[in-house]
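I opened the model and kept notes on what I looked up. The entries follow in the order in which I made them.

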Protein chains: 4
Amino acid sequence: MTVLADVDATIRSLREEVCRLHAELTRYELVVWTAGNVSARVPDRDLLVIKPSGVAYDRLTPENMVVCDLYGRVVDGGLAPSSDTDAQAYVYRHMPHVGGVVHTHSTYATAWAARGEPIPCVLTMMADEFGGDIPVGPFALIGDDSIGRGIVETLAHSRSPAVLMRNHGVFTIGPTARAAVKAAVMCEDVARTVHIARQLGQPLPIDTRDIDSLYDRYQNVYGQR
Amino acid sequence: MTVLADVDATIRSLREEVCRLHAELTRYELVVWTAGNVSARVPDRDLLVIKPSGVAYDRLTPENMVVCDLYGRVVDGGLAPSSDTDAQAYVYRHMPHVGGVVHTHSTYATAWAARGEPIPCVLTMMADEFGGDIPVGPFALIGDDSIGRGIVETLAHSRSPAVLMRNHGVFTIGPTARAAVKAAVMCEDVARTVHIARQLGQPLPIDTRDIDSLYDRYQNVYGQR
Amino acid sequence: MTVLADVDATIRSLREEVCRLHAELTRYELVVWTAGNVSARVPDRDLLVIKPSGVAYDRLTPENMVVCDLYGRVVDGGLAPSSDTDAQAYVYRHMPHVGGVVHTHSTYATAWAARGEPIPCVLTMMADEFGGDIPVGPFALIGDDSIGRGIVETLAHSRSPAVLMRNHGVFTIGPTARAAVKAAVMCEDVARTVHIARQLGQPLPIDTRDIDSLYDRYQNVYGQR
Amino acid sequence: MTVLADVDATIRSLREEVCRLHAELTRYELVVWTAGNVSARVPDRDLLVIKPSGVAYDRLTPENMVVCDLYGRVVDGGLAPSSDTDAQAYVYRHMPHVGGVVHTHSTYATAWAARGEPIPCVLTMMADEFGGDIPVGPFALIGDDSIGRGIVETLAHSRSPAVLMRNHGVFTIGPTARAAVKAAVMCEDVARTVHIARQLGQPLPIDTRDIDSLYDRYQNVYGQR
């Protein structure tokens, strides 16, 4: 009983968190209409909490978030889950350290994805958050495991919490849903700045050792401990 | 009596819907000042509901929406209807499946229209919503049927619910006014992303069969059933 | 007595109108910090109402608007008037049909001004509102009549209510302050769209007769009569 | 006692001011997530007030601002100060006329910084506020005095209150925190306008004497006295 009650409280709290985090996607204009979503893993359970499919951001409530198992089957919820649930479930199954996943088609990052071109690490903020270039994953159709597999295989070779899926958009991961949302916000910000820098010439490179040094400090010293 | 009362209730509800949907045009910055509008067909009646001409978006009320017949003549309303009413009425007369029409001069879509260049389908989101390229219609002056005819003839050869009218702007259609607004929002979003992708090189093409597969799934599986 | 009371009521009403119209400048992001302003002529009086200098937009009130004569001398007001007052007073002195003037450094319009390049009329919306290209005025220093003279001389050869002052920004005029604000909003909108169209090629030209036809209709038929 | 009470009142007032000024950074979209900050010197004390590290802008309160000495050591505050505190403390130690410092990664300014290219003074607004080009400082890692030294040395050779730190972002200074925020807002505005002007050609230069004349007038005549 106590264990079940704890799980209930955790899921209730994650429903609130996942619902609320969608407001960051609209605040930073990473999404239009209903095209983007946030999910969170239920810790120590093979479950995730995700946005319902095709529901407007200002209609989201903790109650209409959908709880699914890690194969994307609905466990609790009256609405169909996001059509990206299968891809995100695949990520949770294969990356046990991931606690949150975000998907957007944010403009500048998706423009790099349309050309199939990684974003080069030419900003200290990029070194801090992404530890190097933001990589490009394969073109993949929705409907089977190919998007999920593309995300996992691409991120396996990178420190970046963001991947640009070719001709599609961005997926980001994090230890929490909030960290994944932060990565989505930062990804669009650096995608835009590097794009604009490139419009009038070539950005200056940053030395690999400096990238490593910035990444280490930011991951270990920045923020409140 | 009952039939008339039903029509009254339907029109009242469409006045509210059409009025409210204009807030999506400003929210997504598809329009400035008074330059853009939404209309809806009154089902099973040869009538439409549309924005009044030259009235600021924050002055719109359900009451000042204008009801016209499908030749653009005012049937109910104290204000002159949008100067785009004739074009939209033409669309309703010739496309019986259309329940809503939207017109904007949204920036990036209008930039493609100024060059007379279709937007190539290089994003999965574009395949989903538009099923291919977004086509360009002819240059047409306001004042007779040429805009309406240009819209209808161009859309007849496309799955796209959006058409870029040359040197002018965007018209979108949908089974409902809300669907037409969604198409207008998505049109500007993909116009912007593809533009930005093109600024630094060539976007990678998507195979026609993949476009078909994405379009079919999105039209039939996405969202709540 | 009655005449003076009428003037008082007119000025009070213009203080409110001029104050309120600044909210359109911030809404459409035509200005940052305190860099832009609106003024209105007091009809049948050699007076104008204008923003105080260097005061933040959210601190503007009808009471802190400044009333000046048409040589820029303060007639009523506790604060120094906008540093653009002399230029705007010059316009009112030399263009008796002008009832409102607006000045901004809106981004895209100012970018054309920095290159000293008129905005070509390649959009129907531009033909409607500006009746042709938006012209460029001379480089002029603040401090004497040169800005005002540059505006008046440039607009004398154009139907456009907007002029791009070289390396500086935009001045717009109108029969009312509201019309001048509309011209400032539309000027930035078309400056942006034409810029973006030009980034990937050449916009298609519009025939001069079509421009004339669009301009005539818009000036005489659009909106509520 | 009285002296200490005065210091207390000053610090209380600066906590409010510094907290409130962060709202200008988000209003003008100079920052995302937590990536940017404002600080103020406590007059006549070797102290500064600064944002806490990694705290979201809508969680800032006067109480959670951090008071540090001019070597970045916390004197009063329950949270760790911004990771930019050392750099800003260095500026206060070496530039006694500076009362406020701001740091952002605003998009267009950072794009110039990524190419290591100063922003040329081709706008009257730039001459007014910056008195010439906005200069570029060296690439510098966080963790010792190199960022602070880079700022101070670069600004020593310029009238500009803004410096673009290579591959990094913007630091601005001012006699007050508010003036430094204004410089950060204006820096991004001119960075954007000059960038856009350059996309389609070369902006026209402004004569050095004209720049001097504009700068002198703006610094001495603009605003309320």
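**Notebook: backbone, sheet, interface, one buried serine**

I began with B:Glu29, which counts as exposed at 58% relative accessibility (buried is under 20% relative accessible area, exposed over 50%, partly exposed in between, with a 1.4 Å probe and protein chains only). The model is predicted, so I note that local features need pLDDT of at least 70 and side-chain atom pairs count only at pLDDT 80 or more, while totals for chains, interfaces and linings use all residues. Residues are numbered from 1 along each chain as its sequence is written, chains are lettered from A and ligands numbered from 1 in the order in which they are written, and side-chain values use heavy atoms, with hydrogens and water left out.

**Entry 1: phi at Glu29**

I looked up the backbone of B:Glu29 and found a positive phi of about 55 degrees, although the residue is not a glycine. Most residues other than glycine have a negative phi. B:Glu29 sits in the loop between α1 (2-27) and β1 (36-42) of chain B; helices (H or I, at least four residues) and strands (E, at least two) are DSSP runs, numbered from the N terminus.

I then turned to chain A. A:Glu29 also has a positive phi of about 55 degrees and is not a glycine. Its place is the loop between α1 (2-27) and β1 (36-42) of chain A, and A:Glu29 is exposed, with a relative accessible area of 57%.

**Entry 2: the sheet of chain C**

I traced an open sheet of 8 strands in chain C, in the order β4-β3-β2-β1-β5-β8-β7-β6, with mixed pairing (two strands pair if DSSP finds at least two bridges between them). Strands β4 (74-76) and β6 (136-137) of chain C are at the edges with a single partner strand each, so one side of each has no neighbour in the sheet.

Inside the sheet I checked β1 (residues 36-42) and β5 (residues 100-104) of chain C, which run antiparallel and are joined by 5 bridges. C:Gly36 has C:Thr104 as its bridge partner in β5(C).

**Entry 3: chain D against chain A**

I counted 30 residues of chain D in contact with 32 residues of chain A, contact being heavy atoms within 4.5 Å. The two chains bury about 2,800 Å² between them, and carbon and sulfur atoms give 62% of that area (the accessible area, 1.4 Å probe, that two parts lose on being put together, summed over both). D:Val32, D:Trp33 and D:Arg115 supply 27% of what chain D buries against chain A, more than any other three residues.

Between chain D and chain A there is 1 salt bridge (a side-chain nitrogen of Lys or Arg within 4 Å of a carboxyl oxygen of Asp or Glu). A:Arg27 forms a salt bridge with D:Asp58, and the closest N and O atoms are 2.9 Å apart. On the side of chain D that touches chain A, α3 (107-115) and α6 (177-199) of chain D are the elements that give two or more residues.

**Entry 4: A:Ser39**

I asked where A:Ser39 lies, and the place is strand β1 of chain A. A:Ser39 counts as buried, at 0% relative accessibility. Leaving aside neighbours within four places in sequence, its contacts include A:Val18, A:Ile50, A:Gly100 and A:Ala177. The C-alpha atoms of A:Ser39 and A:Arg178 are separated by 9.7 Å, with the two residues 139 apart along the chain.
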